[in-house]
Amino acid sequence: MANQARQLSQEMQDYQNMASQIRPKKPMLKNAITAFFVGGLICEVGQGIQWFFMQQGMSAKEATSPTTVVMIGLGAVLTGLGWYDRIVKRGGMGGSLPITGFANAMVAPAMEYRTEGLVLGVGAKLFTVAGPVLTYGLAAAFVVGLIRYLLTGVA
């Protein structure tokens, strides 16, 4: 029995070796360049929105919050229309990493379960991904703030 299991294991290894030789290589450089440009384009849109708010009389610091809200809204709307998934498919992490990718991660599960209703479908699934991210983000912010307070005395 043990010999048969070892032989099966060897067969599986041989299959893996053969499959890895046949499998086409991933275009890593092309993917990295595409992600760079997609992420850069999203950041350029965000910069344009921030400049718009600055033209309305806000400082750069004041314009940060409304810019973030608008970018999250754009990500949610594009996800709802089914367009953001295409951006992520082409741009990889360039589409997933900016704040719009966070909006996509929140809205996509909710859109998938919208047939279950507003409360049990959309409401329950909206925070499937975002819930842990928000929880750990708040916990990390508290810890970093506490360390800063203990080191500098500034809250």
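Contact here means heavy atoms within 4.5 Å. The structure is a predicted model, in which local features need pLDDT of at least 70 and side-chain atom pairs count only at pLDDT 80 or more, while totals for chains, interfaces and linings use all residues. Residues are numbered from 1 along each chain as its sequence is written, and side-chain values use heavy atoms, with hydrogens and water left out.

Ile87 lies in helix H4; helices (H or I, at least four residues) and strands (E, at least two) are DSSP runs, numbered from the N terminus. At 28% relative accessibility, Ile87 is partly exposed, where buried means under 20% relative accessible area, exposed over 50% and partly exposed in between (1.4 Å probe, protein chains only). Between the C-alpha atoms of Ile87 and Gly101 there are 9.9 Å, and the two residues are 14 residues apart along the chain.

Two packed helices are described by the angle between their axes and the distance between the axes. The axes of H2 and H4 come within 8 Å and cross at roughly 140 degrees; axes are lines fitted to C-alpha atoms, for helices over the stretch in contact, and angles run from 0 to 180 degrees between N-to-C directions. H2 and H4 are therefore oblique to each other, given that angles under 35 degrees count as roughly parallel, over 145 as roughly antiparallel, 65 to 115 as roughly perpendicular and the rest as oblique. From H2, Thr34, Ala35, Val38 and Ile42 meet Tyr84, Ile87, Arg90 and Gly91 of H4. Sorted by class, this contact has five nonpolar, two polar and one charged residues, with Ala, Val, Leu, Ile, Met, Phe, Trp, Tyr, Cys and Pro counted as nonpolar, Asp, Glu, Lys and Arg as charged, and the others, Gly among them, as polar.

The lining of the largest pocket includes Val38, Ile42, Tyr84 and Ile87, together with Leu41, Val45, Met71, Leu74, Gly75, Leu78 and Thr100. Two or more lining residues come from each of helix H2 (28–55), helix H3 (60–80) and helix H4 (84–91). On a 1 Å grid over the protein atoms alone, a pocket is an open set of points where a 1.4 Å probe fits, with protein on both sides within 12 Å along at least five of seven lines, and lining residues have an atom within 4 Å of a point. The volume of the largest pocket is about 190 Å³, and its lining divides into nine nonpolar, two polar and no charged residues.

Three further residues complete the tour. Thr67, in helix H3, is buried, with a relative accessible area of 9%. Leaving aside neighbours within four places in sequence, Thr67 is in contact with Gly46, Ile49, Gln50 and Phe53. Ser96 belongs to helix H5 (residues 93–96) and is partly exposed, with a relative accessible area of 30%. Gly121, found in helix H7 (residues 118–152), is buried at 0% relative accessibility. Beyond residues up to four places away in sequence, Gly121 touches Tyr113 and Glu116.

Technical notes
Grid points are joined across faces, edges and corners, and a volume is the space filled by probe spheres set on the points.
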